[in-house]
Amino acid sequence: MKKKSLGIIGLGYVGLPLAVAFSKKYPTYGYDINNSRINDLKLGIDRTNEIESKSLKKSFKNLFLTNKISDLKDCNIYIVTVPTPVNIDKRPDLNPITNATLLISGLLKKDDIVIYESTVYPGLTEEVCVPILEDKSDLIFNTDFFVGYSPERINPGDKKHTIEKIIKVVSGSNEKTLKIISKLYKSIIEVGIYEAPSIKIAEAAKVIENSQRDINIA
């Protein structure tokens, strides 16, 4: 995969900084279902206050913002950064991540890679998302397409420890995919990459980190 074209699904406080960072290296398409969010961003307005207007506008030479998923059809790496809220019963609401997966499955081509950054429980990527991708695309997992998991570690509002300055945990569905994903993130992360032995371990790392944060806050 010499020529990379990235599609970022979800442009909140995680997806937007990621899209801006990657646009410095690769053609990057940012997608969000919220049309007003896209319109604001095109004007250089980020209401999450993660990206300054000047930096956002500067990225437009290589960052294309859209609310039409079909605009991402030529991408070969998709990164999912949608939220994973809890429902009224305090259980994970998987609708955002499964809906994003369904959207990608309609675009998926041979040799594409799908990377998840959303917070999930260990096993979700391979047990929930992969079957959707296989079923809707008619492609075979780890033969025709590949997946990875790299938990988001952004600290909202922190202007010192930005995405480039936080060590990134990465994982892949096989060794070759892991190396591609690792190299991809190394191109924007200044402080280093940790290659997790498996997707489940990378998912578990996010659970532990969130638990530590919540306990410290409490």
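The charged end of Lys 168 sits over the ring of Tyr 185, 4.8 Å from the ring's centre. Keep in mind that this is a predicted model.

**Aromatic rings**

- Searching the whole structure turns up 4 aromatic pairs.
- One of them is Phe 22 with Tyr 26, a tilted pair with 6.2 Å from centre to centre and 50° between the planes.
- Both Phe 22 and Tyr 26 are buried.
- Another tilted pair is Phe 141 with Phe 145, at 5.8 Å centre to centre and 45° between the planes.
- Phe 145 counts as buried because its relative accessibility is 0%, and the cut-off for buried is under 20%.

- Skipping neighbours within four places in sequence, Ile 115 is in contact with Ile 77, Tyr 78, Ile 79, Val 80, Gly 148, Ser 150, Ile 181, Leu 184 and Tyr 185.

**Helix 1**

- Helix 1 is largely enclosed by the rest of the structure, because 8 of its 8 residues are buried.
- Those buried residues are Gly 15, Leu 16, Pro 17, Leu 18, Ala 19, Val 20, Ala 21 and Phe 22.
- Together with strand 1 and strand 2, helix 1 makes a right-handed β-α-β unit.

- Strand 1 pairs with strand 2 (residues 28-31) in the parallel sense, over 4 bridges.
- Within that pairing, Ile 8 has Gly 30 of strand 2 as its bridge partner.
- Strand 2 and strand 3 also run parallel, joined by 4 bridges.
- Here Thr 28 has Leu 63 of strand 3 as its bridge partner.
- Thr 66 lies in strand 3 too, and its relative accessible area of 7% makes it buried.
- Setting aside neighbours within four places in sequence, Thr 66 is in contact with Gly 30, Tyr 31, Asp 32, Ile 38, Asp 71 and Leu 72.

- Most residues other than glycine have a negative phi.
- Asp 111 has a positive phi of about 75° although it isn't a glycine.
- Asp 111 lies in the loop between helix 4 (95-105) and strand 5, and counts as partly exposed because its relative accessible area is 42%.
- Asp 138 also has a positive phi, near 60°.
- Asp 138 is in the loop between helix 5 (124-137) and strand 6 (146-149).
- With a relative accessible area of 67%, Asp 138 is exposed.

Definitions and conventions:
Residues numbered from 1 in each chain as written. Predicted model: local features only at pLDDT ≥ 70, side-chain atom pairs only at ≥ 80, totals over all residues. Heavy atoms only, no water. Phe/Tyr/Trp six-rings, centres within 6.5 Å; stacked < 30°, edge-to-face > 60°. Buried < 20%, exposed > 50% of the residue type's maximum accessible area, 1.4 Å probe, protein only. Lys NZ or Arg CZ within 6 Å of the ring centre and 35° of its normal. Contact = heavy atoms within 4.5 Å. Pairing = 2+ DSSP bridges. Helix = DSSP H or I, 4+ residues; strand = E, 2+ residues; numbered from the N terminus. Right-handed = clockwise from strand over helix to strand, strands pointing away.
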